[in-house]
Amino acid sequence: DKFRCYQNGLWRNCIGGLVNVNTSPDTIASTAAETAFATNYVIAANTCTAGKVFRITAQGIWGTTGGSQTLNIRFRIGGVSGTLLNSTGDIAVGSNINNAPIRFEYQITCITNTSTGTVEASGEVRLYTNQTTFFAQQMLTNAGTVGPIDFTANQTLVITADYNNSHVNNTITMRQIIFEDL
């Protein structure tokens, strides 16, 4: 029911589409250290060809404890210690927020597919303080291409988050994380 192509050792949807999605809530909680969501996507070696686009859409809930809190969300290739694509920086998110919506959309366009490969990457993160009140929008853009990234090897695309304080109420639970290969 799908048009499939064998590319770099994998059978793939030739038209593009969904490549990974979480099937249960994915939570980062109670940490001041940069931590990756468990749901990620491995870009297979030599598949980040010029013009290839990957899209991430995620939505869920977040919360904070009392006191002054900041939240930083990052997009990386190569795991938590890999190449930083973009970061929200420390967003002052306030205190005592519980189960408020969060949503982000992010796109990565491959520019060069070499051992010193490059990408363009941008997107946005939207935070709410409750089900109806918009709080903050952080646009994520770069002044130029990001690299070098070794696209001749597999590269794991991850989303990470951390708060400035470790507390049980400082949480982000992504109810949906969707990775697409367009």
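Trainee: Does Thr-57 count as buried or exposed?

Mentor: This is a predicted model. In it, Thr-57 counts as buried, because its relative accessibility is 15% and the cut-off for buried is under 20%.

Trainee: Where is Thr-57 found?

Mentor: Thr-57 belongs to strand 7, which covers residues 53-63.

Trainee: Which residues is Thr-57 in contact with, leaving aside its neighbours within four places in sequence?

Mentor: Thr-57 is in contact with Arg-103, Phe-104 and Glu-105, and also with Gln-176, Ile-177, Ile-178 and Glu-180.

Trainee: Let us turn to the whole chain. How many helices and strands are there?

Mentor: The chain has 0 helices and 16 strands. Its radius of gyration is 17 Å, close to the 16 Å that the globule rule gives for 182 residues, so the chain is as compact as a globular protein of that length.

Trainee: What share of the residues counts as buried?

Mentor: Of the 182 residues, 43% count as buried.

Trainee: Which residues have the most contacts inside the largest nonpolar core?

Mentor: They are Trp-62, Leu-71, Phe-75, Leu-85, Ile-159 and Ile-172, in a core of 40 residues. Strand 11, residues 100-112, gives the most to this core, with 6 residues. As a general point, nonpolar side chains tend to be buried together in soluble globular proteins.

Trainee: What about contacts between residues at least 6 apart in sequence?

Mentor: Of those contacts, 73% join residues at least 24 apart.

Trainee: Now the backbone. Which peptide bond is cis?

Mentor: The bond from Gly-147 to Pro-148 is cis, with omega near 5°. Pro-148 lies in strand 14, residues 146-149. In general, most peptide bonds are trans, and most residues other than glycine have a negative phi.

Trainee: Which phi does Asn-46 have, then?

Mentor: Asn-46 has a positive phi of about 65°, although it is not a glycine. Asn-96 also has a positive phi, of about 55°, and is not a glycine either.

Trainee: Where are these two asparagines found?

Mentor: Asn-46 sits in the loop between strand 6 (41-43) and strand 7. Asn-96 sits in the loop between strand 10 (91-92) and strand 11.

Trainee: How accessible is each of them?

Mentor: Asn-46 is partly exposed, with a relative accessible area of 35%. Asn-96 counts as exposed, because its relative accessibility is 61% and the cut-off for exposed is over 50%.

Conventions: Residues numbered from 1 in each chain as written. Predicted model: local features only at pLDDT ≥ 70, side-chain atom pairs only at ≥ 80, totals over all residues. Heavy atoms only, no water. Core = buried A, V, L, I, M, F, W, Y, C linked by side-chain atoms within 4.5 Å. Buried < 20%, exposed > 50% of the residue type's maximum accessible area, 1.4 Å probe, protein only. Helix = DSSP H or I, 4+ residues; strand = E, 2+ residues; numbered from the N terminus. Rg over C-alpha atoms; globule rule 2.2 N^0.38 Å. Contact = heavy atoms within 4.5 Å.
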